[in-house]
Amino acid sequence: MCRTMNFREGFMINRSFFSPSFLYDFREHSKKFKEEDMQAKIEGKNCIVTGANSGIGYATAEGLASRGANVYMLCRSKERGEAALTKIQEVTGNKNVYLEVCDISSISEIKSFASRFSSKDAPVHVLVNNAGVLENSRITTSEGYEMNFAVNVLGTYTITELMLPLLEKAAPDARVITVSSGGMYTAPLTKDLQFSDKNFNGVEQYARNKRVQVALTEKWAEIHNEKGISFFSMHPGWAETPGVAKSLPDFSKSLSGKLRTSEEGADTVIWLALQPREKLVSGAFYFDRAEAPKHLLFAATRGSHTAIDSIIKDLRSLSGLSSML
């Protein structure tokens with residue numbers, strides 16, 4: 001789904017997030033990690049992971065499966081999804097791992113999945129919104145939406161909204177974890193969701209999308225505060241994944257062997273899934289098992305989250321969920 005981007009352009013926009021502190025700090029931060037935090041078992045809990053056939057999504061699915069969860073892997077490719085599922089079952093010994101073929105860029109496919117899954121009438125304990133894309137060229141989906149926006153924002157919004165009734169069934173310990181990016185620090189929240197500028201910039205659009213995810217998480221936490229559902233967004237750090245290799249080939253090649261592993265990128269996702277609810281802050285943004293600021297000091301992004309109500313109104317309309325909410 002990803003095409004080669006202009007690396008120089010991407011570097012200039014996100015240069016602060018390719019810095020050594022974001023590239024190499026996992027080892028340093030991990031010195032403060034508590035081993036017992038990751039030893040919890042979650043047998044029987046239903047966990048959905050989008051974009052689960054490779055990279056951070058795969059590492060997340062494997063990590064949850066190894067702790068006894070019933071894991072539902074949402075993958076766009078049936079072939080790649082089946083290969084990943086088989087591998088996870090073999091590695092973890094957990095046979096309660098299932099494949100759901102669903103393209104998160106498609107509202108109709110998300111609704112089809114939601115309908116199928118809802119018929120199980122089973123609680124959803126953890127929803128991991130991991131699926132993401134960075135397309136440097138403007139590509140439009142079959143439903144007419146700009147591709148980055150369709151996957152990173154509209155798809156994430158739609159599947160989360162449709163899973164809310166099942167998440168409520170898992171209250172008071174249900175949680176939604178959205179894999180965002182430190183790139184969001186460069187972009188304020190904007191109502192121009194599909195990047196109307198004729199000079200399309202995929203890196204900037206990706207950063208905008210990730211800012212929306214953080215603001216959405218904040219708003220969801222506020223709205224559903226009394227329903228027993230917690231919402232978290234997080235930055236996985238720069239990991240050596242297939243997605244990064246495709247989107248940032250020069251960057252990936254030049255730092256080969258120095259980026260985080262997929263497992264290190266997934267570490268905080270799994271940590272958020274395992275911690276006692278009272279230990280976490282719903283609506284917060286996390287990085288390496290710790291709450292992180294949502295804005296840089298004196299950044300123009302401060303105050304921009306006031307636009308989220310208007311953005312949600314647009315997302316409801318675009319997803320066709322208005323009458324359902």
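**N209 is a buried residue of the protein.** Its relative accessible area is 2%. Buried means under 20% relative accessible area, exposed over 50%, and partly exposed in between, for a 1.4 Å probe and protein chains only. This is a predicted model, in which local features need pLDDT of at least 70, side-chain atom pairs count only at pLDDT 80 or more, and totals for chains, interfaces and linings use all residues. Residues are numbered from 1 along each chain as its sequence is written, and side-chain values use heavy atoms, with hydrogens and water left out. N209 sits in helix α7 (residues 202-223). Helices (H or I, at least four residues) and strands (E, at least two) are DSSP runs, numbered from the N terminus. Look past the neighbours within four places in sequence, and N209 is in contact (heavy atoms within 4.5 Å) with N148, F149, N152, V153 and L193.

**R208 is a buried residue too, with a relative accessible area of 16%.** Helix α7 also holds R208. Residues up to four places away in sequence are not counted here; beyond them, R208 touches A187, T190, D192 and F195.

**Helices α6 and α7 lie across strands of the sheet.** Helix α6 (residues 147-169) lies across β1, β2, β4, β5 (174-179) and β6 (229-235). The helix runs at about 175° to β4. Helix α7 lies across β5, β6 and β7 (285-287). Its angle to β6 is about 160°. Axes are lines fitted to C-alpha atoms, for helices over the stretch in contact, and angles run from 0 to 180 degrees between N-to-C directions.

**Eight strands form an open sheet with mixed pairing.** The strand order is β3-β2-β1-β4-β5-β6-β7-β8. β3 (97-101) and β8 (290-292) are the edge strands; each has a single partner strand, so one side of each has no neighbour in the sheet. From one strand to the next, the twist averages 25°. Strands of a sheet pair through backbone hydrogen bonds, either parallel or antiparallel.

**Strand β1 pairs with β2 and with β4.** Two strands pair if DSSP finds at least two bridges between them. Five bridges join β1 (residues 46-50) to β2, and these two run parallel. On this side, N46 has N70 of β2 as its bridge partner. Strand β4 (residues 126-129) is also parallel to β1, over three bridges. Here V49 is bridged to V128 of β4.

**Strand β2 (residues 70-75) is largely enclosed by the rest of the structure, because six of its six residues are buried.** Both of its faces are covered. N70, Y72 and L74 lie on one side, with V71, M73 and C75 on the other.

**Helix α3 (residues 55-65) crosses helix α10 (residues 262-274).** Their axes come within 8 Å and cross at roughly 50°. The crossing is right-handed. A crossing is right-handed if the near helix is turned clockwise from the far one by less than a right angle, and left-handed if anticlockwise. On α3, the contact is made by G55, I56, A59, T60, G63 and L64. On α10, the residues are S262, E263, G265, A266, V269, I270 and A273. The contact has seven nonpolar, five polar and one charged residues. Nonpolar covers Ala, Val, Leu, Ile, Met, Phe, Trp, Tyr, Cys and Pro; charged covers Asp, Glu, Lys and Arg; the others, Gly among them, are polar.

**Helix α3 also meets helix α4 (residues 78-92).** The two axes come within 10 Å and cross at roughly 35°. This crossing is right-handed. Y58, A61, E62 and A65 of α3 meet A84, K87, I88, V91 and T92 of α4. Six of these residues are nonpolar, one is polar and two are charged. Ten of the eleven residues of α3 are buried. Among them are G57, Y58 and A61.

**N53 lies in the loop between β1 and α3.** Its C-alpha is 9.6 Å from that of E79, which is 26 residues away in sequence. Leaving aside neighbours within four places in sequence, N53 is in contact with Y58, C75, R80, G81 and A84.

**The whole protein has eleven helices and eight strands.** Of its 325 residues, 58% are buried. Among contacts with a separation of 6 or more, 76% join residues 24 or more positions apart.
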